[in-house]
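Please look over the model below before reading on. The report then goes from the chain contact to the core and to one helix pair.

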Amino acid sequence: MTQTLPDTSKWPFQSVLVANRGEIAVRVLRTVQKLGLKGIVVYHAADRGTAAVKMADQAIEITGSTPVASYLDGAQIIAAAKASGAGAIHPGYGFLSENKGFCAAVEAAGIRFIGPTPEQIDLMGDKVRARNFVEKAGFPVAPSAIEDDDPQTFVERSRKVGAPLLIKPSAGGGGKGMRIVRDLAILEQEIERGRSEGQRYFGDGRLYCERYIENPRHIEVQVLGDGQGSVVHVFERECSVQRRFQKIVEETPSPALDAALREKICETAAGIARSLNYRNAGTVEFIFGQGGEFYFLEMNTRLQVEHPVTEEITGIDLVLQQLRVAAGEKLGYGQADVKSSGHSIEFRIYAEDAARGYTPTTGPILVLHPPQGEGVRWDSGVLQGGEVTSAFDPMIAKLIIRGKDRTEAIARADKALRETVLLGCKTNTAFLRRLLQHPAFVAGDVHTGFLDANPQIAAEPEMPAETLQALLGAAALSTRPMRDVADAVPDMHAAMGGWRN
Amino acid sequence: MHHAFKLGDNEHNLELSRSASAYRLHLGEQVVDVDLKTGADGRAWLTLGERHIEVVIATRGDDVFVHLDGEAYQLRYQHPLDRLAAQAGGSAEDNIRAPMPGSIVAVQVKAGDTVTKGQTLLVMESMKMETTIAAPRDGTVAAVTYEKGQTFDRDALLLSLEPNK
């Protein structure tokens, strides 16, 4: 589908405030400004000097007890929107993007919320209600036990789901507070720990358990709805390469699907969105068993981190579609108009040390040379001279690669990762290269436990003697005290050679 | 004068001297001719014996960051005096450092408390997960650096024990 830019002169808003930070704020501003709309961003002092703040037509500082708290302060953000005359708010992902109260407050303030209706957020934000809704609508869900149905018998019913099972907070997301139980003897203990984590992260200790599918793949489907009766899917994304339940690599098309299965899972997702009369871009996530069976996992009612791979194979600007729908436009096209070609893979560039259990790293960004070339897209919110701190999520950029097929995309990705220069803060680029060279990844044969099962990919490989020599040479020549000592020795002695102290 | 760099967990001793045209790197018994020519954008050419290797180098304080052959590395210059002091100082077990950046969820002990090996000292949170910091040995708490809610970087000193007599 080729896109012509819509005429925004009749839109109910002419400016958009982005209630987010980092790469996604940059991403949203790019489309907002492309449309000739005014792009406004809020920022905490810790983000002063980031790409989004520099790029925005207007940037408004917000404060909070912590940097994260400021981005969660809906009242303050709405006040900033009013003060700047913003006609709409784009929440990005995370933070307030799936907060029903915020969505309702924005609309109550006479500002367009670029997202779904508060009711849709509410329904899909409660994993239990979402699951029940989907099941009632006739779509597949995994066997489970829901605490709320009857708290007294929750443990007993969980036991009946059988091991292995997965405990999840009802209010959760992003892998927080999830626990796998393989031995039912420790079920009660694990339920208590899950409850305490749920309470802490979400202020809600309610849980549910579901059958844990061994070696599952995570496949999700992008949907778009206008809330006026039209819904299309924009194909699937496979996000099976994960560490600690968080995605690292996402691609489309999924190597696990043939044409028939692809259509089935995509149509299922579109059906779920249609049964909601869904408005906005959204993602229906499925757990996909090795036998080809799949179950509804959850629906994210926002733009996803990994949305660019979908854009790369379809040519559809998903942020543009979100803006159009929020402005009251109809989709204006049907499923047959949505076409894909080629293959796209996204790599999340994290400030982290894969060899040390993927622990986050911090540091200044002394040098940043993003990769370039055909089929290379770099979505990032950090700039050279910036700093990676522990205040926010360690994802600092996304490298998105497009190729005519998966093989070409992998080859381009390896080259781009190799050419990505980021000095001052350890990142996972070397790890990502080891990952994409792994035979199982090359074969497309991965599951969500793949990295746990293959810890050698994360381990630091042994350093060749030549590399060590080069590093020590480069370091010695870049260190003042070492040069000074060497230079202090008269050339005459140096010329004699073999000098030692 | 002995120089050293720390790379990962390993320390590497080395010396640098002048050669007629540039420098020589001394690694144990090995001696290699080296030189470094830096361009405007931070890209540089490292000469190592007969090899010429493109690198990108950045420094900050004692840290040297090198992008070499598609990968980034960090080396830290070890000051000769600091190394001497470290050898004379207390054991690493006396100083409990943060294994990763994060924030303090709970502080279970205070200075002066007697603790036993394995006892929970602190609970920290990082990457959305809690990690318990336990006493590495029996002893007495000398100082606790952070309070509940405070954040810290990796390797920050979280808590110290009185040195063993």
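The sections below cover the basis of the model, the interface, the cores and the helix packing.

## Basis

This is a predicted model, in which local features need pLDDT of at least 70, side-chain atom pairs count only at pLDDT 80 or more, and totals for chains, interfaces and linings use all residues. Residues are numbered from 1 along each chain as its sequence is written, while chains are lettered from A and ligands numbered from 1 in the order in which they are written.

## Chain B against chain A

Contact joins 53 residues of chain B to 44 residues of chain A (two residues are in contact if their C-beta atoms, placed from the backbone, lie within 7 Å). Strands are DSSP runs of E with at least two residues, helices are runs of H or I with at least four, and both are numbered from the N terminus. E6(B) gives the most, with 7 residues.

By class, this side of chain B has 31 nonpolar, 14 polar and 8 charged residues. Ala, Val, Leu, Ile, Met, Phe, Trp, Tyr, Cys and Pro count as nonpolar, Asp, Glu, Lys and Arg as charged, and the others, Gly among them, as polar.

## Nonpolar cores

The largest nonpolar core has 77 residues (a core is a set of buried Ala, Val, Leu, Ile, Met, Phe, Trp, Tyr and Cys residues joined through C-beta atoms within 7 Å). Leu17(A), Val41(A), Ile89(A), Val223(A) and Phe286(A) have the most contacts inside it. Domain 1 (9–114) and domain 3 (217–457) of chain A both give residues to this core, so it lies between them. The domain bounds come from an automatic or database assignment.

Ile89(A) touches Leu17(A), Ala19(A), Ala81(A), Val106(A), Ile111(A), Phe113(A) and Ile114(A), not counting residues up to four places away in sequence. Another core, of 69 residues, lies apart from the largest one. Among its members are Val388(A) and Leu417(A).

## Helix H5 of chain A

Phe102(A) sits in helix H5 (residues 100–108) of chain A. Phe102(A) is buried, with 25 other C-beta atoms within 10 Å (buried means 20 or more, exposed 12 or fewer, partly exposed in between). Beyond four places in sequence, Phe102(A) is in contact with Gly74(A) and Leu96(A).

H5(A) packs with helix H6 (residues 118–125) of chain A at about 180°, axes 8 Å apart. The two helices are therefore roughly antiparallel (over 145 degrees; under 35 is roughly parallel, 65 to 115 roughly perpendicular, the rest oblique). Lys100(A), Cys103(A) and Ala104(A) of H5(A) meet Pro118(A), Ile121(A), Asp122(A) and Gly125(A) of H6(A).

Notes. Axes are lines fitted to C-alpha atoms, for helices over the stretch in contact, and angles run from 0 to 180 degrees between N-to-C directions.
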